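Work through the exercises below with the structure open beside you. Try each task before reading its solution.

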Amino acid sequence: MRLREILDAVAQGTIPPERAEDLLQSGEVRYLDGLAVLDTSRAIRKGVPEVVYAGAKTPEQVAKICAALVEPGRRVIVSAASGEHEAALRAALLDTPVRRSGRALVAGSGEPEPTGARIGAICAGTSDIPVLEEAVAVAREMGAETRSFYDVGVAGLHRLEQPLRELRSFDPDCLIVAAGMEGALPTVVSALVDVPVIGLPTSAGYGLGGDGSAAILGMLQTCSPGLAVVNVDNGVGAGATAALIANRATRRARCGPS
């Protein structure tokens, strides 16, 4: 059963709410010509939107999958999208808005429903922006308000003072901090704030370790409590984790403990 059919059945009294809950949690899948199995109820079941990873997929494959997912008022995120992926997507979805957010594309009309959650996003260098903005795109699609600060890494640590001051006024529920090179910035930030920090290592750097391995190892070896780390260049994972934390914190603050 599709979502609308389930809701109509509950409204008409033909299935009880408990059965509807089971149906929604079990999920709906859609088979696309042997190309993909689409998890169309992920956003309802988990609170994380559908994401199409473009790596190793042809532009035509990405466009076909997205065309099957995009519906009125519903959007899809394309991760690690190249210029060729973007061109194919725009050609296939002529009447559908497509916008770029760093490494990601967001296709579809409308805007996500705000949850009241707030997430701060910081990157060490300008080279980290594409991965950070991919994380921001996911967090925004999950209803979080975001505020971003760029190029405030440890090579000039005094640059961090103003962003931290603004973030304290913003009062975020969670932070995403992206860094390449030696990956030191998330540890520094985590030592100065009282909210969870998601460390996002990037593959920005020179020579040995410049593939992001130095950054992720540095973050994993942090001595600052409250820092969790996703994989190298995993903007999707960072954005989803931060938004899940922030959305849960917001719901608890509004409703109180259950």
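The model is predicted, so local features need pLDDT of at least 70 and side-chain atom pairs count only at pLDDT 80 or more, while totals for chains, interfaces and linings use all residues. Residues are numbered from 1 along each chain as its sequence is written, and side-chain values use heavy atoms, with hydrogens and water left out.

**Exercise 1.** Describe how helix α4 packs against helix α5.

Solution. 
Step 1. Two packed helices are described by the angle between their axes and the distance between the axes.
Step 2. Helices here are DSSP runs (H or I, at least four residues), numbered from the N terminus. Axes are lines fitted to C-alpha atoms over the stretch in contact, and angles run from 0 to 180 degrees between N-to-C directions.
Step 3. The axes of α4 (residues 59-69) and α5 (residues 83-92) lie 8 Å apart, at an angle of about 45°. This angle makes α4 oblique to α5 (under 35 degrees is roughly parallel, over 145 roughly antiparallel, 65 to 115 roughly perpendicular, and the rest oblique).
Step 4. On the α4 side, Pro59, Val62, Ala63 and Cys66 make the contact (heavy atoms within 4.5 Å); on the α5 side, Glu84, His85, Ala88, Leu89 and Ala92 do.

**Exercise 2.** Describe how helix α6 packs against helix α10.

Solution. 
Step 1. Helix α6 (residues 129-141) and helix α10 (residues 235-255) cross at roughly 40°, and their axes come within 7 Å. That makes α6 oblique to α10.
Step 2. From α6, Val131, Glu134, Ala135, Val138 and Ala139 meet a set of α10 residues, including Gly235, Val236 and Ala243.

Notes
Helix = DSSP H or I, 4+ residues; strand = E, 2+ residues; numbered from the N terminus.
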